[in-house]
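Subject: Structure for you to look at

Hello,

I am passing a structure on to you, with my notes below it. Please open it first and then read on.

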Amino acid sequence: MAGDMNFTRENAECFLIEEAEMLDELRLEEWLKLFTSDGLYWIPIDETMSTNETVSIVRDDALRREERVFHLLKTRFPAQSPRSRTLHSISSVRVRPKVDGQVVVVSNQTIHEVRTGDYRQSGLGEMHTIVARMEHLLVLSSDGPKIVEKKVLLLDRDMPLGNLTFLI
Amino acid sequence: MTETRTASSPQVAPMAGSSGLVLEEAHKFRVHTRAYNDRAVFDAEMRNIFDRVWIFVGHTSEIPNPGDYKTSYIGMQPVIVVRADNGDVNVLVNRCVHRGAVVCRELRGNAQQFECPYHGWVYQNDGKLVAIPHAKEAGGYSEHFDKPAGLYKVPKVDMFRGLIFACMDPNVVPLDEFLGRAKLLLERRFNLSPSGEIVFRSRPFVSRYKGNWKFQAENIVDDYHFVFTHTAFIDLQAKYGDATGNFGLHPGGSASEMRKSRYRGNVWGVDQGHGILDAPALSPESFLNGRFGDYYKAIQDKVGAEEFKWVVGRGIGCIFPNLGIIHQQIRTWRPIAPDLTEVTIYPFELKGAPGEFNQGMLHAQERFYAPSGHGAPDDVEMFASNQHGLEGHAVDWLLLERGVDTDEKQPNGDYRGQPSSEACQRSYWRQWNRLMTKSAGA
């Protein structure tokens with residue numbers, strides 16, 4: 001992938017499908033490696049405001065991502081005990097070349113999520129649907145694409161949200 | 001209410017002057033399951049609690065200019081909190097007086113008038129009805145029409161340090177009197193701003209849980225749950241400390257340190273129903289010698305060394321019935337149904353504090369309180385789990401008597417509990433019981 005023009009929609013789809021599979025299969029240590037060291041995983045509430053003026057749903061630099069993965073994989077907490085199962089579906093992928101070997105990959109994603117365990121209990125065994133427009137800012141290098149920023153624009157980002165203690 | 005209760009729970013013999021749902025006797029303090037899951041109780045709460053006490057509806061910084069408004073709720077009643085052209089803040093019931101449609105469907109904005117989309121009735125932003133379309137057409141209104149003045153204006157509106165409260169009862173006690181000891185708590189939290197003011201700038205976190213609204217009221221002043229519900233967060237603190245932006249929010253890097261930092265200071269059960277956890281800072285010099293030393297020094301010069309310990313110390317409050325303050329946030333919990341509640345967390349800025357300080361507080365709260373955060377989702381998970389547990393009827397009562405024998409009643413009716421006591425929750429339920437009882441007897 002020497003230049004922007006060579007990163008096709010098929011390349012972008014392959015990248016997104018691989019990322020989604022890591023998230024759905026909880027291969028989260030691998031997922032961490034998809035980012036550049038100064039990469040950002042960002043789920044805004046209001047993407048038009050500076051993150052110095054407003055909280056976000058997620059605004060993770062490398063250490064916060066590592067912490068989030070540690071939390072999910074190595075600790076036990078009520079909101080993920082029992083754990084969620086997720087399935088990402090990806091559609092309408094488009095590639096928007098930028099300068100300096102970067103591209104923005106825009107996709108529409110639908111994530112279905114269900115908590116496991118005793119499905120007769122409140123909050124467990126209920127299917128939830130999360131709908132988002134995603135923008136992956138990728139830098140193309142000889143090791144393949146790396147995420148400089150993953151921005152997740154939830155359709156209901158500024159509305160009441162439920163348990164989002166899994167990766168989107 | 002009384003009849004419903006007796007019919008469905010014959011084993012509960014209501015004490016005189018009690019709703020029958022709060023049991024207080026020597027060494028005991030218990031609350032009946034039905035106080036959390038009964039639709040009739042919920043409906044009674046909307047009238048007997050939300051129509052009779054001061055309810056927080058917004059902050060002045062949300063509506064700085066004439067015409068600025070935000071929508072809010074008093075119980076199930078939708079309201080518009082709006083600044084009129086003369087600067088007054090009015091709280092108007094968001095319901096067209098003609099046929100009931102809500103006249104404002106946005107969260108916030110600026111408007112000179114509100115127009116009902118159904119038949120075009122127009123209200124000025126102070127609520128006054130200024131136009132009824134086609135009033136004089138054939139079949140319209142005659143000269144005998146008893147024309148309403150406008151949107152129903154909530155009779156009492158008052159403010160405390162920018163917090164806007166409203167009350168449906170024109171005979172309610174003054175706001176100052178209602179806040180009681182909670183006034184001191186709010187003053188101390190806000191005095192961390194050089195001008196004593198807070199600003200709502202950040203977007204809020206909004207979540208809903210399938211549980212009763214009073215679980216959130218009990219929880220915000222519950223030191224007992226932290227090391228259990230948030231045990232994973234303690235693991236994160238042990239591993240990451242302040243490196244991921246804790247910003248001093250949750251001191252202590254182990255379960256025993258976290259317990260120590262919580263099980264100290266005062267637990268106040270306030271007669272008006274509020275709960276307060278407060279303690280002076282153990283080492284105020286750590287603030288003065290730290291990264292924001294100059295800012296803290298100016299605050300200390302202003303408030304004095306003794307008060308400074310409290311301003312930078314712990315201060316958490318539940319203000320009856322649905323307002324909370326903790327860290328650098330105002331929180332409300334809105335009842336929607338007996339088993340459905342909406343929580344809104346407004347992270348606030350301290351006006352005049354260094355930008356990096358306010359930003360640090362934003363991002364620390366993001367880490368714990370977001371719907372994807374490492375703390376708040378566990379609390380609301382517990383509230384839904386509580387509600388599920390209450391669906392069975394084998395067990396009638398919930399136990400809220402931790403520390404009941406060591407609470408000290410003060411001359412003004414407040415209770416001072418030992419650290420980790422459930423004194424806050426008891427005073428909350430005593431006030432709940434008084435309000436729910438009066439109505440039954442009335």
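What follows is a summary of each chain in turn.

Please keep in mind that this is a predicted model.

Chain A

Chain A has 168 residues. It contains three helices and six strands. Read from the N terminus, the order of elements in chain A is α-α-β-β-α-β-β-β-β. Along the principal axes, the C-alpha atoms of chain A take up a box of roughly 50 × 35 × 30 Å. Among contacts in chain A with a separation of 6 or more, 57% are between residues 24 or more positions apart.

Chain B

Chain B has 442 residues, and its elements are 15 helices and 24 strands. Its C-alpha trace spans about 80 × 60 × 40 Å along the principal axes. How does the radius of gyration of chain B stand against that of a compact globule? A compact globule with 442 residues would have a value near 22 Å, and chain B, at 23 Å, agrees with that. Buried residues make up 46% of chain B. As for contacts in chain B between residues at least 6 apart in sequence, 63% of them join residues at least 24 apart.

That is what I have for the two chains.

Regards

Technical notes: Residues numbered from 1 in each chain as written. Chains lettered and ligands numbered in written order. Predicted model: local features only at pLDDT ≥ 70, side-chain atom pairs only at ≥ 80, totals over all residues. Helix = DSSP H or I, 4+ residues; strand = E, 2+ residues; numbered from the N terminus. Rg over C-alpha atoms; globule rule 2.2 N^0.38 Å. Buried ≥ 20, exposed ≤ 12 C-beta atoms within 10 Å, placed from the backbone. Contact = placed C-beta atoms within 7 Å.
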